[in-house]
Amino acid sequence: MRPTQALLGSGAPNQRAGNWIGGWGAFGGQKQKGIIHWGLSANRQNPFAGAFHDAIFNTFRRSKGQVFYWVPPLVAAYYLMDWATERNHYLNSKAGRAEFGDAE
């Protein structure tokens, strides 16, 4: 593994590493060729392009992968709560009080 040009020190040109554009803070060599820089104005961009479509299908895809992790506990909790509600109604009814009235 060879060291980078910064580790070689002294800021001297290294022809093997490519074009040299000057030492740190003193750029002043020849113009670089073949480097293209372009950008797109923020006014011309559409940041929400396809966001609604992607949100629907990405949510479906992710939910489909997780359905077996959250549906069984949800169903179990529903049946447990339904049983507890029915049991509470029975224990507070006339028949429940007659059957379990002396248990307390």
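In which element is the place of Val 75? Val 75 sits in helix α2, in a predicted model.

**Figure 1. Overview of the chain and its confidence.** The chain has 3 helices and 2 strands, in the order α-β-β-α-α from the N terminus. Helices (H or I, at least four residues) and strands (E, at least two) are DSSP runs, numbered from the N terminus. The mean pLDDT (the predictor's confidence in each residue, from 0 to 100) is 78 for the chain, and 65% of the residues score at least 70. Confidence is highest in helix α2 (residues 51-91), with a mean of 94, and lowest in helix α1 (residues 5-8), with a mean of 56. Where pLDDT is low, the predicted coordinates should not be read in detail. Of the 104 residues, 3% count as buried; buried means under 20% relative accessible area, exposed over 50%, and partly exposed in between (1.4 Å probe, protein chains only).

Figure 2. Val 75 is partly exposed, at a relative accessible area of 41%.

**Figure 3. The aromatic pair Tyr 78 and Tyr 79.** A search of the whole structure finds 1 aromatic pair. Tyr 78 and Tyr 79 form an edge-to-face pair, 5.5 Å centre to centre with 75 degrees between the planes. Rings of Phe, Tyr and Trp (its six-membered ring) pair if their centres lie within 6.5 Å; planes under 30 degrees apart count as stacked, over 60 as edge-to-face and the rest as tilted. Both Tyr 78 and Tyr 79 are exposed.

Figure 4. Thr 59, in helix α2, is partly exposed at 48% relative accessible area. The Thr 59 side chain reaches the backbone oxygen of Ala 55 at 2.5 Å. Ser 93 is partly exposed, with a relative accessible area of 25%. A polar atom of the Ser 93 side chain lies 2.6 Å from the backbone oxygen of Tyr 90.

**Notes.** Residues are numbered from 1 along each chain as its sequence is written, and side-chain values use heavy atoms, without hydrogens and water. In this predicted model, local features need pLDDT of at least 70 and side-chain atom pairs count only at pLDDT 80 or more, while totals for chains, interfaces and linings use all residues.

Definitions and conventions: A polar contact is a pair of N or O atoms within 3.5 Å; within protein, one must be able to donate a hydrogen and the other to accept it, and residues adjacent in sequence count only if both atoms are side-chain atoms.
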